[in-house]
Amino acid sequence: MGIRDVDRTLPSNRLVFEVRRDMAKFQRFRGDPESVMAEYGLSEAERQAWRTQDIRKLAELGLHPYFLPQVSRLIEGGAYNHNDSPAARLYARKLLAD
Amino acid sequence: MAEIVAVTALSHAPGLTGWPDRASARERQNLFDGFNEVGRIVRAAKPDVIIGIANDHLLNFPLSNVPDFCVGTAAHWKGPAEWFRDWLNVPPYALPGHAEVARTLVREGGRNGINFAFSDELMFDDNWSVPLKFLTPDYDVPLVPIHMNCIVPPLPGPERCLEVGRTIARIVRDSMPARLRVAIMATGGLSHDPGGPKYFDVDEEFDRWFLALFEDGDPARVVREATIERMMAAGDGGTTELLAWIAALGAAEGRRARTICYEPSRALRCGMGAMVWDMGPGP
């Protein structure tokens with residue numbers, strides 16, 4: 001999986017793009033992800049991946065690689081994002097663990 | 001005839017401002033010293049405007065519509081975009097743009113084979129927020145940001161980026177106001193892999209090879225050897241940001257570059273480096 005394996009039309013790509021640009025939408029996504037996922041027309045496979053924080057599955061479905069660490073930050077927060085931060089650990093656990 | 005008075009290329013990884021304390025003291029000091037030195041060199045050249053060239057991190061252009069190069073035409077900029085503030089640990093800042101320079105780039109680019117997109121509503125993340133903190137910490141030099149596509153294939157390749165850099169230099173020289181002093185600042189790279197298996201690693205061998213290639217300074221060799229494939233092998237998700245450095249090489253028009261600092265920083269999840277070109281009389 002890499003930047004050549006992206007499904008540019010995947011609804012989750014649009015969702016991640018927009019929630020980072022709009023704090024009100026980000027807060028809404030935090031509080032009620034199901035309604036935001038419905039709004040963007042995510043497939044059931046995508047929704048299930050989000051529900052289970054399955055970053056690897058989102059990658060397999062075609063989420064852009066650049067968004068993958070950002071997914072970990074959407075979930076765990078982005079402050080002080082060092083290698084042992086909650087977001088980095090989530091990324092390692094979900095994407096790199098065998 | 002305007003003049004390019006400084007050209008630099010440097011990394012912009014968020015850890016440099018967001019979690020620098022997680023790097024070793026030696027690594028941190030070397031990078032702070034190096035980035036501050038680049039700032040001194042750029043400010044000593046007394047630029048009236050900085051033309052920046054950097055990857056858009058899928059912040060301004062959705063995957064439905066990604067321009068290869070987009071010139072920021074606003075008279076004022078601000079950053080960092082709100083969601084990125086705590087990540088970057090950079091307080092909100094504002095700085096002037098330069099609409100006249102930006103519009104000249106778009107207009108003359110169109111006459112010289114570059115279909116620049118343009119926008120006065122660009123959001124800034126690490127691409128500008130990290131380097132500006134060191135280069136112009138008072139945010140007092142106008143910036144014309146050029147957001148480029150480095151991560152949504154097909155990418156503008158090395159040859160195209162070199163050509164775009166050369167064309168920018170020609171536009172500065174031929175179409176901008178006499179005595180205007182222009183600095184070029186490319187940001188991105190070196191090896192890193194956001195979203196990939198090497199997220200917590202860097203490719204020091206690639207980075208040192210790339211820096212040596214640029215110090216050698218032969219544009220034909222850079223185009224031949226610094227291929228997209230080679231960059232992607234060093235970190236699929238981000239190393240192609242070095243395409244911005246190739247545009248800077250083009251803008252420097254054959255002058256020699258020197259490395260100011262380099263650290264293969266796993267703590268910052270990026271090969272961190274900076275170069276400047278000696279902008280004395282041309283070769």
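Me: Why is Cys161(B) called buried?

Reply: Buried means under 20% relative accessible area, exposed over 50%, partly exposed in between (1.4 Å probe, protein chains only). Cys161(B) has 0% relative accessibility, so Cys161(B) counts as buried. Bear in mind that this is a predicted model: local features need pLDDT of at least 70, side-chain atom pairs count only at pLDDT 80 or more, and totals for chains, interfaces and linings use all residues. Side-chain values use heavy atoms, with hydrogens and water left out.

Me: How do you know that Cys161(B) is in no disulfide?

Reply: A disulfide is a pair of cysteine sulfur atoms within 2.5 Å. The nearest cysteine sulfur to that of Cys161(B) belongs to Cys150(B), 6.7 Å away. Cys270(B) is in no disulfide either; the nearest cysteine sulfur, that of Cys261(B), is 12 Å away. Over all chains, the structure holds zero disulfides.

Me: Why does Cys270(B) count as buried?

Reply: Its relative accessibility is 1%, so Cys270(B) counts as buried.

Me: What makes the pair Glu229(B) and Arg4(A) a salt bridge?

Reply: The rule asks for a side-chain nitrogen of Lys or Arg within 4 Å of a carboxyl oxygen of Asp or Glu. Here the N to O distance is 3.2 Å. Between chain A and chain B the count is one salt bridge.

Me: How many residues of chain A and chain B are in contact?

Reply: Contact means heavy atoms within 4.5 Å. By that rule, 33 residues of chain A touch 38 residues of chain B. In chain A, Ile3(A), Tyr66(A) and Tyr80(A) lose the most area to chain B, together 21% of what that side buries (accessible area, 1.4 Å probe, lost when two parts are put together).

Technical notes: Residues numbered from 1 in each chain as written. Chains lettered and ligands numbered in written order.
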